[in-house]
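Here are some notes to read with the model open beside you. Take the points one at a time, and find each residue on screen before moving on.

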Amino acid sequence: MVENAASATGPSIATRIGKLDLPAPTLMGSGCYGSGEEYAPFVDLAGIGGIVLKSVTRFPRLGNAPPRLVATPSGLLNAIGLQNPGIDAYLENDVAKFAERPCAVIGSVAGFSVDDYAYVTERLAARDEIDAIELNISCPNVGSEGETFACDPGLAEQATRAARRVTAKTLIVKLSPNVTDIAAIARVVEAAGADALAVVNTVRGMAIDVETAKPRLGNTTGGLSGAAIRPIAVLAVWEVARAVKIPIVGQGGIENARDALEFILAGASAVSIGTGNFTDPRAPQTVADGLRSYLAERRIASLRDVVGKANPGFAGVR
Amino acid sequence: MPALETSPAIHRTVVSDRREPAPGISVVGLYAPRLAGATRPGQFAMVVPPGGERAATALGIYEAQGDRISLMLVAVGPRTRELATLPLGAQLDLFGPLGNGFDLAALGDEVALVAGGVGLASLLLPARELLARGARVYLFYGARTAGALVDADLFAELGARVYVATDDGTLGWAGYVTDLLRETAMHFSGIAACGPSPMLRAVARVAADLGVRAQLSLEETFACGVGACWGCVVGLSRESAQAPRFPAPAPGETRDYVHARICKEGPVFWAHELRW
Ligand SMILES: Cc1cc2nc3c(=O)[nH]c(=O)nc-3n(C[C@H](O)[C@H](O)[C@H](O)COP(=O)(O)O)c2cc1C
Ligand code: FES
């Protein structure tokens with residue numbers, strides 16, 4: 001039966017994240033995909049699962065002084081500093097156009113206090129154009145405040161609870177790899193009402209210019225992404241998948257289906273592609289096609305059948 | 001500078017020719033008919049790395065004629081060396097054309113083009129178009145040493161007057177090309193420049209002193225190259241026509257300018273509007 005279903009229509013790569021039914025398990029990472037229109041000339045947005053928008057904050061932020069990017073071996077250091085127009089201007093000027101996107105649109109909320117997270121989440125989630133909220137409690141590029149929430153179980157719990165109270169839409173909480181015990185943070189965030197977890201944000205890092213004897217980023221430190229962090233991110237998903245029963249959106253250096261499968265086999269129900277789009281804007285299509293052929297070659301009907309398959313401690317998705 | 005109507009796309013190109021005008025500097029010709037037709041002077045393309053696992057490389061489009069475009073590059077690191085040594089017939093995927101390009105109409109009829117090193121690559125298409133419409137073009141071209149001054153004859157053949165400078169004095173003016181520009185005491189209706197950022201800052205100062213407006217094509221590390229990540233910004237006056245819409249600064253913000261994306265609002269900006 002399963003085999004017939006697979007051969008008649010091709011294997012399914014559909015997945016579910018909270019209340020979101022996604023035709024493809026591919027989200028585009030926050031801060032890496034603009035609002036989607038920047039990539040529309042290169043890729044069919046209807047073929048992707050969804051776009052996670054750039055994080056928005058309560059007040060406008062001009063962001064960090066340049067330089068904001070350093071290319072590293074197989075990776076990218078960034079320190080953007082949450083440049084965004086603030087929630088008022090964002091709601092007024094930007095959100096309406098998201099209605100045209102042929103895929104899920106997930107708003108990303110960043111903050112510097114529990115109250116910020118509640119306030120911005122409530123206002124953004126109230127808009128019909130926004131299908132779900134991702135809580136960015138793990139930005140490493142805004143001084144100590146931004147990431148503190150993902151590094152302190154008490155604060156992670158409070159921020160999640162505050163956002164949960166103000167919206168019934170799917171709530172994804174994005175965790176930081178820059179912690180000793182990511183599973184412990186994942187557990188409290190699950191208990192505080194998150195519907196899903198994004199694992200992981202960037203790994204803290206820096207680079208120094210030996211000619212000038214100065215840090216190369218305007219912000220001194222930054223967040224590392226891309227292929228360089230993939231093993232760190234796969235391990236984080238592996239550990240979180242053993243600790244919680246909510247779905248995980250795995251991310252960190254995914255460029256092709258094999259990369260994505262590492263995360264899925266570790267226990268992720270979906271993946272997110274950020275830096276991979278910078279290497280090749282066709283990455284979302286490459287990943288989706290590759291996942292379909294992986295399943296077809298093995299006569300597996302659905303991607304859901306391989307989630308967590310490599311992880312004996314995988315607790316299963318509720 | 002008016003934003004140009006462009007239709008960027010992914011192009012599968014094929015290496016058609018290659019030459020090394022100086023050690024370490026390569027010009028790679030590509031069969032890319034659609035891209036050649038769509039490119040405007042000063043635009044760039046992102047080259048998808050053949051091996052994956054690193055960001056695409058932004059390169060100014062050097063020549064664009066008929067079915068062919070070319071890219072000029074210095075083979076400094078592994079990625080540029082990989083591009084410089086691609087065999088003829090190899091496939092290379094690019095996306096573009098990207099960025100705004102120069103506003104040639106605003107430069108007038110007595111135009112100084114200022115190039116530092118392979119910054120020259122972004123000035124050939126402007127030179128061609130300016131000369132075609134009857135403008136006089138003066139190329140000020142600086143490099144480390146005589147051997148690194150490549151293709152100056154190409155500009156001369158088109159009809160540009162060429163002035164060269166070398167850091168080590170092996171050819172032309174000994175010293176910075178921007179000092180040469182100042183010393184000539186010629187009259188220009190506009191300046192267009194491309195090169196390393198210390199040179200561009202110097203061009204901005206000289207232009208201000210000469211009372212001439214300058215368009216600078218900025219170089220920066222890009223991640224996306226398409227305006228999606230806000231990684232490649234420069235400070236820009238709020239009054240600039242290129243300034244992205246941004247609300248009044250939040251309480252406590254001391255910076256009175258905005259950040260513009262070099263890959264999207266740029267790479268070409270009016271020197272006097274930059275806050276850098
Ligand atoms: C330039 C850049 C900007 C980013 N901005 C944000 C952001 O605003 N909010 C956020 O939650 N994550 C942000 N991230 C993190 C990514 O969404 C992603 O979680 C991380 O880069 C790891 O995935 P990747 O290796 O596929 O990029 C950013 C990453 C990059 C490279
Ligand atoms: S490199 Fe991403 S916005 Fe310019």
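Before we start, one term: strands here are DSSP runs marked E of at least two residues, helices are runs marked H or I of at least four, and both are numbered from the N terminus. Keep in mind too that this is a predicted model.

1. **A cis bond between two valines.** Now look for A:Val200, in the loop between strand E10 (196-199) and strand E11 (203-205) of chain A. Here A:Val199 and A:Val200 are joined by a cis peptide bond, with omega at about 10 degrees.

2. **Positive phi at a leucine.** A:Leu82 is not a glycine, yet it has a positive phi of about 55 degrees. You will find A:Leu82 in the loop between strand E6 (75-78) and helix H2 (86-94) of chain A. Is A:Leu82 buried or exposed? Its relative accessible area is 4%, so A:Leu82 is buried; the cut-off for buried is under 20%.

3. **Positive phi at a threonine.** A:Thr220 also deserves a look: its phi is near 70 degrees, a positive value in a residue other than glycine. Its place is in the loop between strand E13 (214-215) and strand E14 (222-225) of chain A. With a relative accessible area of 35%, A:Thr220 is partly exposed.

4. **Aromatic pairs.** A pair of aromatic rings is described by the distance of the centres and the angle of the planes. Counting over all chains, the structure holds 9 aromatic pairs. One of them is stacked: A:Tyr33 and A:Tyr39 sit 4.4 Å centre to centre, with 10 degrees between the planes. Both A:Tyr33 and A:Tyr39 are buried. Another pair, A:Phe42 with B:Phe95, is edge-to-face, at 5.2 Å centre to centre and 65 degrees between the planes.

5. **Why does the pair of A:Phe42 and B:Phe95 join two chains?** A:Phe42 lies in the loop between strand E3 (26-28) and strand E4 (50-56) of chain A, while B:Phe95 belongs to strand E6 (residues 91-98) of chain B, so the pair links the two chains. A:Phe42 counts as buried at 9% relative accessibility, and B:Phe95 counts as buried at 0%. Together, A:Tyr33, A:Tyr39, A:Phe42 and B:Phe95 make up one aromatic cluster.

6. **Arginines over rings.** In chain A, find A:Arg58, which lies over the face of A:Tyr119 at 4.0 Å from the ring centre. Then turn to chain B, where B:Arg261 lies over the face of B:Trp230, 4.1 Å from the ring centre.

7. Two packed helices are described by the angle between their axes and the distance between the axes. In chain A, the axes of helix H5 (residues 153-166) and helix H6 (residues 182-191) come within 8 Å and cross at roughly 30 degrees. That makes H5(A) roughly parallel to H6(A), because angles under 35 degrees count as roughly parallel. The crossing of H5(A) past H6(A) is right-handed. Residues making the contact include A:Ala156 and A:Thr160 of H5(A), and A:Ile185 and A:Val188 of H6(A).

8. **Helices H8 and H10.** Also in chain A, the axes of helix H8 (residues 257-266) and helix H10 (residues 283-297) come within 8 Å and cross at roughly 65 degrees. H8(A) and H10(A) are therefore roughly perpendicular to each other. H8(A) passes H10(A) in a right-handed crossing. Among the residues that meet are A:Leu261 and A:Ile264 in H8(A), and A:Gly290 and A:Tyr294 in H10(A).

9. **A buried glycine.** Finish at A:Gly107, which is in strand E7 (residues 104-110) of chain A and counts as buried at 0% relative accessibility. Which residues does A:Gly107 touch, not counting residues up to four places away in sequence? Among them are A:Leu53, A:Leu124, A:Ile130 and A:Glu134. From A:Gly107 to A:Val120 there are 13 residues in sequence and 10 Å in space, C-alpha to C-alpha.

Methods. Residues numbered from 1 in each chain as written. Chains lettered and ligands numbered in written order. Predicted model: local features only at pLDDT ≥ 70, side-chain atom pairs only at ≥ 80, totals over all residues. Heavy atoms only, no water. Phe/Tyr/Trp six-rings, centres within 6.5 Å; stacked < 30°, edge-to-face > 60°. Buried < 20%, exposed > 50% of the residue type's maximum accessible area, 1.4 Å probe, protein only. Lys NZ or Arg CZ within 6 Å of the ring centre and 35° of its normal. Axes fitted to C-alpha atoms, helices over the stretch in contact; angles between N-to-C directions. Parallel < 35°, antiparallel > 145°, perpendicular 65-115°, else oblique. Left-handed = near helix turned anticlockwise from the far one by under 90°. Contact = heavy atoms within 4.5 Å.
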